[in-house]
Amino acid sequence: MTSFTTRSNKDLKKASEYFQKMHSELGIEKYKLAKYQELFNLASFQAMHDADLAYYCIYRKCSEHSSSKEDLLNCLAQEELFLPRHPDAFNHEIFRRHALNAISEIREHLENGQLDYLYY
């Protein structure tokens, strides 16, 4: 006889909490500090901002769509195809390159089973 058990609510939130943690650790708010405003004149600082912003956005999306590995993979596929321009990015191409890199890294971790512990 087969028995079925449901996953606890805590288990369902593990992946979401993981990506929320990754999202919050980027600390994108630091770029709003007055001491950094003058640095925004530097192209290298703008590129660093856009890279952090891309990962920040992808991690947020992942936390919202991580109820299962399949849902997360579908979300990543949609983001890859329809990645919108971000109004706070200085250079959309740099933002896009880093967002696609984040998607690729997360997808690889999911497909290799490195994030399976979030779903069991």
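I started with Arg60, which forms a salt bridge with Glu64, the closest N and O atoms being 3.4 Å apart. I counted a salt bridge where a side-chain nitrogen of Lys or Arg is within 4 Å of a carboxyl oxygen of Asp or Glu. Side chains of opposite charge can pair when their charged atoms come close. Arg60 and Glu64 are about one helical turn from each other, because they sit four residues apart in helix 2 (residues 43-64). Helices here are DSSP runs (H or I, at least four residues), as are strands (E, at least two), numbered from the N terminus.

I then looked up accessibility. Buried means under 20% relative accessible area, exposed over 50%, and partly exposed in between (1.4 Å probe, protein chains only). Arg60 has 32% relative accessibility, so I put it down as partly exposed. Glu64 has 46%, so it is also partly exposed.

**Ground rules and confidence**

This is a predicted model: local features need pLDDT of at least 70, side-chain atom pairs count only at pLDDT 80 or more, and totals for chains, interfaces and linings use all residues. Residues are numbered from 1 along each chain as its sequence is written, and side-chain values use heavy atoms, with hydrogens and water left out.

I checked pLDDT, the predictor's confidence in each residue, from 0 to 100. The protein has a mean pLDDT of 90, and 90% of its residues reach 70 or more. A contact means heavy atoms within 4.5 Å.

How many salt bridges does the whole structure hold? My search found seven. In one of them, Glu25 pairs with Lys21, with the closest N and O atoms 3.7 Å apart. Both residues lie in helix 1, four residues apart, about one turn of the helix. Glu25 is exposed, because its relative accessible area is 52%.

Lys61 forms a salt bridge with Glu79, also with closest N and O atoms 3.7 Å apart. This pair links distant parts of the chain: Lys61 is in helix 2 and Glu79 in helix 3, 18 residues apart. Lys61 has 25% relative accessibility, so it counts as partly exposed.

Is Glu79 buried or exposed? It is buried, because its relative accessibility is 12%. I placed Glu79 in helix 3 (residues 69-82). Leaving out residues up to four places away in sequence, Glu79 touches Ile58, Lys61, Pro84 and Ile103.

**Aromatics**

I found eight aromatic pairs in the structure. Rings of Phe, Tyr and Trp (its six-membered ring) pair if their centres lie within 6.5 Å. One aromatic cluster is formed by Tyr31, Tyr36, Phe40, Phe45 and Phe90.

**Helix 4**

I took the span of helix 4 next. Its 20 residues reach 28 Å from first C-alpha to last, close to the 28 Å expected at 1.5 Å a residue. The expected span is 1.5 Å times one less than the number of residues. Buried residues of helix 4 include His92, Phe95, Ile103 and Arg107.

I looked at both ends. Asn91 caps the N-terminal end of helix 4, with a side-chain oxygen 2.9 Å from the backbone nitrogen of Glu93. Gly113 follows helix 4, and its phi is positive, near 80 degrees.

Definitions and conventions:
Rings of Phe, Tyr and Trp (its six-membered ring) pair if their centres lie within 6.5 Å; planes under 30 degrees apart count as stacked, over 60 as edge-to-face and the rest as tilted. A polar contact is a pair of N or O atoms within 3.5 Å; within protein, one must be able to donate a hydrogen and the other to accept it, and residues adjacent in sequence count only if both atoms are side-chain atoms.
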